[in-house]
Every structure is written in C-alpha cells, then in structure tokens.
Amino acid sequence: MLNMDMVGRLNTEKQIYMGGAGTFPDGVELMKKLGENSGLNPVIHAGEVGGSDHVSFYKASISCIGFHTGGHPQYHTPEDDIDLINSDGGGLVTKYIYNALMAIANYEQPLYFINQN
C-alpha cells in the first residue's frame, strides 16, 4: 500500500520522507536506489510507519509505505492555500512515487509483509 499524504510542499532540502520501507523485501534498498539522480533526498525509515492512513494496513500485516514532504506552519489552518504548493517539487515527488509503484509492481521476487516491531 502506497500512501501519499502531504506531498505538495517539498522543502528546500528536497527531502521526501517515508516510513514502512522495510515492510516488504528489499524495500529500503529499492527506495535508496530510486533516490539516485531523482533530484530528491529521500529520508527512509524501515519500520517507523508514522501516523497516517497506511498505519491501518500495517496493523493488518499489509506492506505499506507512507510518503510525505514534511510538516509546515500552515498545516490544518485556513492559511494552507494553493499558492503555497511547490509545483516543481511535486513533479519530482510524483515521479519518484511513480517509479516506486512501477518497481514494486514489477518485482521479480515474491512480495510479503515483514513486521517491523
């Protein structure tokens, strides 16, 4: 399960954060490899799944990754408006997540859940 939550505000360090990359075989290695020449600086957590919608899948023993580009002062406020979206950054993030989806969909090895507790 791939969850994209808060991916529109890529920071100046171009960090895309993800939790749960260790919940399927070679997930951490795949996310690192996809980061090469992506224009992004992936921050990859093998087991820390965070606190978004994908956590329910993790609790049901389903492999998951939660992608986000970090918090910001306008989160859940009326000031969080469209003019604050980083469109160029969104393009980089979208391409990275698309490449992750395609790589996982075309895995040559069996996919199975790996508990991170």
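Q: In what order do the elements of the protein run from the N terminus on?
A: They go β-β-α-β-α-β-α. This is a predicted model, by the way.

Q: Okay, and how many helices and strands are there in the protein?
A: Three helices and four strands.

Q: In what order do the strands sit in the sheet?
A: The order is β1-β4-β2-β3, in an open sheet with mixed pairing. At the edges you find β1 (2-4) and β3 (41-45), each of which pairs on one side only. On average, neighbouring strands are turned by 20° against each other, direction ignored.

Q: What about β2 and β3, parallel or antiparallel?
A: Parallel: β2, residues 15-19, is joined to β3 by five bridges.

Q: Which strands does helix α1 touch?
A: Helix α1, residues 27-35, packs on the sheet and touches β2, β3 and β4 (65-68). The direction of α1 makes about 175° with that of β3.

Q: And which ones does α3 touch?
A: Helix α3 (residues 87-105) also packs on the sheet, where it touches β1, β2, β3 and β4. Its direction makes about 35° with that of β2.

Q: Is Thr23 buried or exposed, then?
A: Buried, because its relative accessibility is 0% and the cut-off for buried is under 20%.

Q: Which backbone oxygen does the side chain of Thr23 reach?
A: That of Gly20, at 2.7 Å.

Q: Leaving aside neighbours within four places in sequence, what is Thr23 in contact with?
A: Its contacts beyond those neighbours are Ala46, Tyr58, Ser63, Cys64, Tyr112, Phe113, Ile114 and Gln116.

Q: What share of the residues count as buried?
A: Of the 117 residues, 35% do. The accessible surface of the protein comes to about 7,000 Å², and 52% of that belongs to carbon and sulfur atoms.

Q: Last one: among contacts with a separation of 6 or more, what share comes from residues 24 or more positions apart?
A: They account for 85% of those contacts in the protein.

Key: Residues numbered from 1 in each chain as written. Predicted model: local features only at pLDDT ≥ 70, side-chain atom pairs only at ≥ 80, totals over all residues. Heavy atoms only, no water. Pairing = 2+ DSSP bridges. Helix = DSSP H or I, 4+ residues; strand = E, 2+ residues; numbered from the N terminus. Axes fitted to C-alpha atoms, helices over the stretch in contact; angles between N-to-C directions. Contact = heavy atoms within 4.5 Å. Buried < 20%, exposed > 50% of the residue type's maximum accessible area, 1.4 Å probe, protein only. Polar contact = N/O pair within 3.5 Å; in protein donor to acceptor, adjacent residues only side chain to side chain. Areas by Shrake-Rupley, 256 points an atom, 1.4 Å probe, with all protein chains shown as cover.
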